[in-house]
Amino acid sequence: MKPAAFEYHAPESVADVVALLAEHGDDAKVLAGGQSLVPLLAMRLTRFPHIVDLNRVSDLQGIERQNGSVTIRAMTRQSVAEHDAVVAASAPLVAAALPKIGHFQIRNRGTVGGSIAHADPASELPAVALALDAELEVASRSGSRRVPAAEFFEGTWTTTLEAEELLTAVHFPVWEGSCAFVVDEIARRSGDFALTGVAVAVAVGTGGAVERSAIGLVGMGPTPVRASDAEAALNGSTPDAQDLAEVGRLAVSACDPSDDVHASAEYRIHVGAHLVQRALDRALGEARGG
Amino acid sequence: MAEHEITFTVNGQSRHGRAEARKTLADFLREDLALTGTHLGCEHGVCGACTVLLDGEAVRSCLMFAVQAEGSDIVTIEGIGPADGSLGPVQEAFRQAHGLQCGFCTPGFVVSVHAFLQQNPNPSLDEIREGLSGNLCRCTGYQGIIKAVQIAAETMSATA
C-alpha cells in the first residue's frame with residue numbers, strides 16, 4: 001500500500017502553514033501525527049497533491065493553564081498530554097480520555113489537535129471537547145478566531161474548518177468545586193475504536209444535588225453527540241439509581257448510530273444508555289465523596 | 001515527484017539516502033537501508049510489526065514518511081541488542097519463555113516491550129497486557145509473551 005505521490009512541505013511557523021493553505025486550498029492537507037491520515041493515504045481512500053507537515057512547527061506544541069481554561073496546542077502529542085500535570089489537575093476529563101486512544105505507540109505520534117480536527121465520531125477527544133464546551137482556536141492568513149466545539153463538528157470526518165484554516169489550539173474550560181469526570185467505552189479489544197462511549201462531567205452542591213453536568217457521546221452518530229436533554233433532566237436533581245437509568249435512556253433517545261458489522265444500531269443504543277448511567281453513577285459517587 | 005535528501009541516525013550510525021516524500025519510514029528502512037528486521041504486516045498501524053524507536057519512543061514506522069525522520073535518532077530491531085550480536089534482556093526473555101513461534105511479529109514486540117519497560121520497569125499483569133495491546137501475534141496466544149515481559153522486567157531491574 002503506497003500513497004499517491006504528493007508534494008511535501010515542512011513549514012516551521014504557523015504563518016508559513018497558513019500561507020501554504022491559502023495558496024493550495026483544497027489541494028493541501030495538513031499532516032499532524034499521521035495516525036489516521038497516513039492509513040487513509042496509504043489505502044488511497046483519499047489523496048492530496050500537497051501535504052503540509054506540521055511536525056516542525058514548534059509554536060503548535062505546549063500546554064498551559066490561563067484564565068479558567070487549559071490550553072493544549074494542536075500538535076501536542078497525546079502521550080505528552082496524558083502524562084502532563086496541568087491536564088491531570090485542571091482538565092481531568094481530557095486526562096481520562098487520553099489513555100483510551102489507540103495504544104501507547106499511537107499516542108506517541110498522535111496529537112490532541114489532530115484527533116479533534118479529524119472528527120472521527122468514534123474518537124474520544126471530539127466528544128470531550130463537545131461536552132466541555134471547549135473553544136477551538138483556528139488560524140488563517142486573515143487572522144485567528146475561536147470556534148465553540150458545538151459549531152465545529154459537521155459530519156463524519158468533516159468540520160466547519162475552511163480549507164485555508166488551521167486548528168492551532170484547544171481551550172478546555174476548568175471546572176471548579178466538587179466535580180468528577182469519567183470516560184467509559186465499549187470496544188471489542190482494548191485500544192480498538194469504541195463501539196460506543198461516553199464522557200461525563202458532574203459538579204455537585206453541598207447537599208449532593210447536581211449543579212451542573214456535561215455528557216458527550218462517542219460513536220452514537222455521524223458526529224460526537226451532546227446529550228443536552230439528559231443534562232437538563234439531571235441538573236438541579238438528586239438522582240437515585242432509577243433516575244440515572246432514565247437519564248441514560250434520555251441521553252441516547254435522539255441518537256442515530258451506525259448499523260454495521262461491528263455492532264447494530266440497536267446494540268449501540270442499548271449499551272450507550274447503560275454506559276451513561278454507569279458513568280454518571282461513578283462520577284456522582286466521586287464528586288460527593290471528594 | 002521530487003526526491004528528498006534524508007539524513008538521520010539509525011542504530012547509532014549516521015545514514016543518508018534519497019526518497020520520494022510518499023515513501024514510509026518502514027519501506028525506507030527495509031528497501032533503502034536493507035534493515036529488513038522491521039516487518040510490515042498490516043501497513044496501516046494496527047499490527048505493530050513495524051514498531052521502531054523514534055528518539056527513544058516506540059512508533060509505527062508504517063505511519064510516518066521517511067522524510068519526516070530527517071535529523072532524528074532511530075533504533076530498529078537490529079540495534080536493540082548489544083553490539084556484539086548477543087541477545088538483549090528482552091530478546092533473551094522471549095527465547096526463554098517461548099514468546100514467539102513463527103517470529104513475524106517478534107521484532108515489533110521486542111521493540112515495543114523495550115520502550116514499555118523503560119517507561120514502566122515494574123509493570124503489573126494488567127499493565128503488561130495493556131502495554132502489549134498494540135501488537136498482534138497470531139501464533140502464541142500471548143501467554144508466552146506476557147511471561148517474557150515479566151522475565152525481562154526482573155532481569156532488567158536486577159542489573160539496573
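Okay, let's start with chain B, where five strands make an open sheet in the order β2-β1-β5-β3-β4, with mixed pairing. The edges are β2 (13-20) and β4 (57-60) of chain B, and each has a single partner strand, so one side of each is left without a neighbour in the sheet. On average, and ignoring direction, neighbouring strands here are turned by 40° against each other. Just so we're clear, this is a predicted model.

Now zoom in on β3 of chain B, residues 51-54. It runs antiparallel to β4(B), and four bridges join the two. Then look for helix α3 of chain B, residues 106-119: it lies across β3 and β4 of chain B, at about 40° to β3(B).

Over to the nonpolar side of things. The largest nonpolar core has 143 residues, and the ones touching the most other members are A:L93, A:V200 and A:V276. Which helix gives the most to this core? That's α11 of chain A, residues 265-289, with nine residues. As for A:V276, leaving out residues up to four places away in sequence, its contacts are A:V198, A:I215, A:A230, A:V247, A:G248, A:A251 and A:V252.

Last stop, helix α8 of chain A, residues 124-131. Eight of its eight residues are buried. Among them are A:L125, A:V128 and A:L130, and also A:E124. After α8(A) comes A:D133, which has a positive phi, near 55°.

Technical notes:
Residues numbered from 1 in each chain as written. Chains lettered and ligands numbered in written order. Predicted model: local features only at pLDDT ≥ 70, side-chain atom pairs only at ≥ 80, totals over all residues. Pairing = 2+ DSSP bridges. Axes fitted to C-alpha atoms, helices over the stretch in contact; angles between N-to-C directions. Contact = placed C-beta atoms within 7 Å. Core = buried A, V, L, I, M, F, W, Y, C linked by C-beta atoms within 7 Å. Buried ≥ 20, exposed ≤ 12 C-beta atoms within 10 Å, placed from the backbone.
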